[in-house]
Amino acid sequence: MAKPLKKLVSCVLLDLDGTLLNTDGVVSEVLKGFLGKYGKEWDGREAQKIIGKTPLEAAAAVVEEYGLPCGKDEFLAELYPVFSAQLCNIKPLPGANRLLKHLSGHGVPMALASNSPRGNIESKISYQGWKDYFSVIVGGDEVTAGKPNPEIFLEAAKRLNREPSSCLVIEDSIPGVTAGKAAGMEVVVVPSVPKQTDLYTPAADEVINSLLDLQPEKWGLPPFQDWIEGTLPTEPWCIGGPVIKGFGRGSKVLGIPTANLSTKGHSSLLSEHPSGVYFGWAGLSTRGVYKMVMSIGWNPYFNNTEKTIEPWLLHEFNEDFYGEELRLVIVGYIRPEVNFPSLESLIAKIHEDRRMAERALDLPLYSKHKDDSYLSSPLHSESNHA
């Protein structure tokens, strides 16, 4: 159920890296290789120091953090060609294509406003086939100061011929949120740093877990019409491995027997999919195919330190099946990961998720995936096919 209208807007200004495109993984791989030459190791936790910064500011931060024997300009000059060669490997974040098609289909003007140079932005969006979606593109090299300065957003509004107060900004970083608010605009943030929501809450008008959770109608924009009985169909994706022992909470604390998967070897797949509750089909090598609902994330109630994959196979089993090969085909999304005030409310919600998944998986749209060959084929370490 959508909340009451927050404010009427007439256009949407979008950041690119970390908001629409999953560039963080490619940036991390490039930095790992570069820092390795100096005997240093890239620590993903340093990522928040460069998110939302201009390329030069990000370079300066890395050079200083790791005490590199080169200047920021030299660092950028060496890294840029390596990063550019990887542009074709950058994937859209979940919900990005859906959002752009939806807004474009309803004639909502959109602008891209990014700290990246204009040429770099155009290269990235040409790989995605997104050029026609944006009436305006403003790069960091077209203004005197990048975010958190509001100039990029104000310039985008001017080129769209819109008042700043009628613009909705969608961002992923603190500098971007700061710039949007300083420009006098409404700001929705999809934080690219996990478990840091509290950093964004005071500044942004709304914090959402992923673009899948955006409700355009809150801002007077046309609502999505693609939810089916409380579920959102997604491009099917697959993951599998031997069933491992989890935290021992599923059966003992929650009364819900989950069949946990190891996250080893699945880091890139986990980074592609936001935390939340999903559903689909589960294949056990010796037993058959079953309906399944699963959570991906940190389980805020238990405050996990690592992102986990916890499927619940919707079937009464007579014994444990640790060590057996489990293959999952995920076909839809139910809701974002949220915290709960009590164990009882968490358990009630999990059972509600189960009922929703069980009903949805009887619909032809979802039931056809029960026959996916992945569920009964030899297991691969990581797969992500449609």
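**Exercise 1. Find what covers the buried residues of helix H11, and locate those residues on the helix.**

Solution. The cover includes strands S9 (276-284), S10 (288-297), S11 (308-313) and S12 (325-336), plus helix H12 (364-367). Helices (H or I, at least four residues) and strands (E, at least two) are DSSP runs, numbered from the N terminus. Contact means heavy atoms within 4.5 Å. The model is predicted: local features need pLDDT of at least 70, side-chain atom pairs count only at pLDDT 80 or more, and totals for chains, interfaces and linings use all residues. Residues are numbered from 1 along each chain as its sequence is written, and side-chain values use heavy atoms, with hydrogens and water left out.

Next, list the buried residues of H11: Leu-346, Ile-350, Asp-353, Met-356, Ala-357 and Ala-360. Buried means under 20% relative accessible area (1.4 Å probe, protein chains only). Seen down the axis of H11, they fall within an arc of 125°, so they line one face of the helix. The arc is taken over directions from the helix axis to the C-beta atoms.

**Exercise 2. Trace the pairing of strand S2 and state what covers its faces.**

Solution. Start with S1: it runs parallel to S2, joined by 3 bridges. Leu-13 has Ala-111 of S2 as its bridge partner. Now take S3 (residues 136-138): S2 pairs with S3 in the parallel sense, over 3 bridges. Here Ala-111 partners Val-136. Pairing requires at least two DSSP bridges between the strands.

Finish with the faces. Met-110 and Leu-112 are buried on one side of S2, Ala-111 and Ala-113 on the other.

Technical notes: Buried means under 20% relative accessible area, exposed over 50%, partly exposed in between (1.4 Å probe, protein chains only).
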